[in-house]
Amino acid sequence: YQPTLLSCVLSAPDNFPGTKILHIFNEYTILNDSGRVIEIATCKNNGKVDSSVPSLTFDAKSGLTPFHHNGASIRFRPTEYGWNWSGLFRINKKEPRLHFRLKSYLDPSEIIIFSVEFRSTTTGVILIISNAEPPPFQIVNKSMCPMSFFQKGVRNDGNETLILPYHFANYAWDEPKQDCVLILDVLQSSVPKTLGNFKLEKIAPGTKIKLGKLPFHALMTSDGPTRVLSIYDSYPLIADANKYYSDKTKHFDIRSKWLSLNIEIKLLHGLGISIVDDTPQELMYIRLEEITCERKVDKGLEEIRIRIGGIS
């Protein structure tokens with residue numbers, strides 16, 4: 001890294017009339033507020049980390065640290081073993097904040113979402129790396145089918161995320177400077193089916209989305225600053241369910257039947273309760289004998305009985 005310095009000439013105090021003071025300082029400063037030791041690497045024109053240039057490490061407790069940067073694209077990651085590099089980016093004063101999702105290649109379920117903020121000051125630019133709380137996006141699977149999602153163009157990097165039925169996943173773009181489109185697949189068979197492509201930043205909260213001919217629909221909502229994309233089952237797809245079923249059969253009938261249930265639990269040897277003080281000394285002992293608990297459901301009526309044969 002070549003030094004990147006700025007200079008400023010100021011007039012000296014009145015005690016030194018006619019004197020000028022030349023200030024020289026770093027153009028870039030880093031504040032690591034993530035709670036982890038962060039490694040930053042310079043990248044080649046193809047986006048890969050340039051191994052010929054030594055990477056720099058920044059401790060979370062080091063405070064503001066000078067950072068010499070030659071204007072090339074950079075990536076970062078925690079120094080702990082097993083983390084992939086972040087998405088590619090340049091320090092840009094006009095783009096105040098970016099979010100990155102980092103995954104562990106040892107455990108793909110382990111994910112960290114980082115926030116990178118570019119803060120302009122009178123003495124240069126401060127690069128602030130911190131944990132993104134709350135996350136920018138959240139994907140919620142409110143259907144009975146498992147799903148997977150990934151950013152368009154980066155699937156070959158193993159960035160697919162599996163989301164089970166009635167689970168959710170916090171999300172940020174893996175490569176925020178590439179095509180920011182989320183591709184969502186449903187795993188109903190051996191061959192995944194694509195539900196849709198979503199430009200999450202451009203979908204306004206409250207928007208309902210019909211997902212083609214598949215029996216699913218999506219809804220975008222907001223939870224504070226987080227945009228929440230929820231996927232629902234939609235059986236049937238049309239609103240008038242009665243008309244749908246009448247078209248399928250002339251004699252459509254549902255008859256509800258009550259389920260009869262009888263559960264009985266017996267404690268043959270009873271139950272003993274002992275009250276002890278802090279000495280320890282037993283103050284009281286109670287024995288409950290022939291305990292029976294019965295739960296009975298018949299024709300929609302539920303009955304629970306608890307019987308105790310004796311107390312001694």
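## Terms and model

Helices (H or I, at least four residues) and strands (E, at least two) are DSSP runs, numbered from the N terminus. The model is predicted: local features need pLDDT of at least 70, side-chain atom pairs count only at pLDDT 80 or more, and totals for chains, interfaces and linings use all residues. Residues are numbered from 1 along each chain as its sequence is written, and side-chain values use heavy atoms, with hydrogens and water left out.

## The chain as a whole

The protein chain has 23 strands and one helix. Of its 312 residues, 35% count as buried, where buried means under 20% relative accessible area, exposed over 50% and partly exposed in between (1.4 Å probe, protein chains only). The accessible surface comes to about 20000 Å², and carbon and sulfur atoms hold 53% of that surface; the areas come from the Shrake-Rupley method with a 1.4 Å probe, and for residues only the protein chains shown count as cover.

A contact means heavy atoms within 4.5 Å. Among the contacts in the protein chain with a separation of 6 or more, 48% are between residues 24 or more positions apart.

## Nonpolar cores

A nonpolar core is a set of buried Ala, Val, Leu, Ile, Met, Phe, Trp, Tyr and Cys residues joined through side-chain atoms within 4.5 Å. The largest has 25 residues, and those touching the most other members are Leu 182, Leu 195, Phe 198, Leu 200, Phe 216, Leu 229 and Ile 231. Strands that each supply at least two residues of this core include β12 (147–151), β15 (182–186) and β16 (193–198). Another core, of 21 residues, lies apart from it, and its members include Phe 58, Ile 74, Ile 91 and Val 116.

Not counting residues up to four places away in sequence, Leu 200 touches Phe 137, Tyr 171, Trp 173, Leu 182, Met 220, Arg 227 and Leu 229.

## A five-stranded sheet

Five strands form an open sheet with mixed pairing, in the order β14-β11-β19-β18-β17. Two strands pair if DSSP finds at least two bridges between them. The edge strands, β14 and β17 (208–210), each pair on one side only.

β11 and β14 run antiparallel and are joined by five bridges. Asn 141 stands opposite His 167 in β14.

## The last segment

Ser 312 lies in the segment after β23 (301–311). Ser 312 counts as exposed because its relative accessibility is 53%. Not counting residues up to four places away in sequence, Ser 312 touches Tyr 285, Ile 286, Arg 287 and Glu 289. Ser 312 and Glu 289 are 23 residues apart in sequence, and 8.1 Å separates them in space, C-alpha to C-alpha.
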